[in-house]
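Please look over the sequence and the model shown below. The paragraphs after it go through the structure part by part.

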Amino acid sequence: MKRVRILLADDHTMMCAGLRKLLEPDYEVIGSVADGRALLKAAAELKPDLVLVDVGMPLLNGLDAAHELRKVMPQVKLIFLTMNTDPDLAAEALRMGASGYLLKNSEDGELLRAVRDALRGTSFITPQIAKAMEERYLQDPRSLERPRQLSDRQREVLQMLAEGRSAKEIAYVLQISLRTVHFHKYRIMEELGIKTNSELVQYAIKHALIPPPQ
């Protein structure tokens with residue numbers, strides 16, 4: 001019987017090693033990557049059945065990488081791993097078709113259950129997050145349905161600006177002109193009502209585009 005093929009996406013080497021050890025008795029772990037752009041490339045080449053993806057990865061965060069991946073591989077199962085307990089992020093993941101959403105400090109059994117549920121076509125959310133989502137919905141029924149303010153390209157530029165990357169580096173990674181990068185930055189700050197780079201970084205942290213400083 002063909003084993004399920006799983007791709008790991010996390011920029012912490014020890015986390016990937018632990019996930020591999022946990023999963024390999026029952027599944028085929030076909031590779032691991034450390035950023036969202038590498039995830040898109042590896043998924044296209046390796047054709048996984050399921051991806052375990054960290055929300056907070058460099059170059060392209062897990063949510064946006066998964067959003068892009070679903071456009072070309074709508075059948076792939078996605079399980080998100082994060083340290084962020086914000087229920088709005090979980091709602092964002094579910095809107096894009098996530099099969100699972102877990103905290104990184106979850107018990108091993110939760111992850112294995114999430115994988116089994118995903119393969120059966122159902123979903124699993126860490127109970128702590130599920131409770132927070134319920135409480136948020138009861139406070140404001142529209143809170144988990146709010147659309148993104150920025151386009152996919154704007155979010156990409158915003159993340160790399162918040163990571164401290166230069167406009168020239170962003171232009172190279174995204175294969176766009178320097179002028180286009182500056183235009184996107186202007187539009188982002190105008191759309192969000194942001195006036196300084198510091199506010200831009202704080203927005204990116206709040207919306208899990210980059211991880212908070214350690």
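The largest nonpolar core has 32 residues, and L39, V51, F80 and Y101 touch the most other members. A nonpolar core here is a set of buried Ala, Val, Leu, Ile, Met, Phe, Trp, Tyr and Cys residues joined through side-chain atoms within 4.5 Å. Buried means under 20% relative accessible area, exposed means over 50%, and partly exposed lies in between (1.4 Å probe, protein chains only). Y101 touches residues including V55, F80, L89, F124 and I129, leaving aside residues up to four places away in sequence; contact means heavy atoms within 4.5 Å. In soluble globular proteins, nonpolar side chains tend to be buried together.

This is a predicted model, in which local features need pLDDT of at least 70 and side-chain atom pairs count only at pLDDT 80 or more, while totals for chains, interfaces and linings use all residues. Residues are numbered from 1 along each chain as its sequence is written, and side-chain values use heavy atoms, with hydrogens and water left out.

The chain contains ten helices and six strands. Helices (H or I, at least four residues) and strands (E, at least two) are DSSP runs, numbered from the N terminus. The six strands form an open sheet with parallel pairing, in the order β2-β1-β3-β4-β5-β6. The edges are β2 (28-33) and β6 (124-125); each has a single partner strand, so one side of each is left without a neighbour in the sheet. Two strands pair if DSSP finds at least two bridges between them. Strands of a sheet pair through backbone hydrogen bonds, either parallel or antiparallel.

Going through the pairs, β1 (residues 5-9) joins β2 in the parallel sense over five bridges, and A9 has V33 as its bridge partner in β2. Strand β1 also runs parallel to β3, with four bridges between them; there the partner of L8 is L52 of β3. Next, β3 pairs with β4 (residues 77-82), again parallel and over five bridges, with V51 opposite L78 in β4.

How many of the residues of β3 are buried? Five of the five are, so β3 is largely enclosed by the rest of the structure. Both faces of this strand are covered, with L50, L52 and D54 buried on one side and V51 and V53 on the other. In a regular strand the side chains alternate between the two faces of the sheet.

Helix α2 (residues 36-46) lies across β1, β2 and β3 (50-54) and runs at about 165 degrees to β1. Axes are lines fitted to C-alpha atoms, for helices over the stretch in contact, and angles run from 0 to 180 degrees between N-to-C directions. The loop between α2 and β3 holds K47, whose phi is positive, near 55 degrees, although K47 is not a glycine. Most residues other than glycine have a negative phi, and most peptide bonds are trans.

Helix α3 (residues 62-72) contains H67. With a relative accessible area of 25%, H67 is partly exposed. H67 and M96 are 29 residues apart in sequence, and their C-alpha atoms are 6.4 Å apart in space.

Helix α7 (residues 152-162) is mostly covered, with nine of its eleven residues buried. Among the buried ones are R155, E156, L158 and M160. Their cover includes α2, α3, α8, α9 and α10 (197-206). G164, which follows α7, has a positive phi near 90 degrees. Further along, Q175 sits in the loop between α8 (167-174) and α9 (178-192). Q175 is not a glycine, yet its phi is positive, about 60 degrees. Its relative accessibility is 65%, so Q175 counts as exposed.

Last come the values for the whole chain. A compact globule of 214 residues would have a radius of gyration near 17 Å, and the chain, at 17 Å, agrees with this. That radius is taken over C-alpha atoms, and the globule rule is 2.2 Å times the number of residues to the power 0.38. The C-alpha trace spans about 55 × 45 × 30 Å along its principal axes. Of the 214 residues, 48% are buried.
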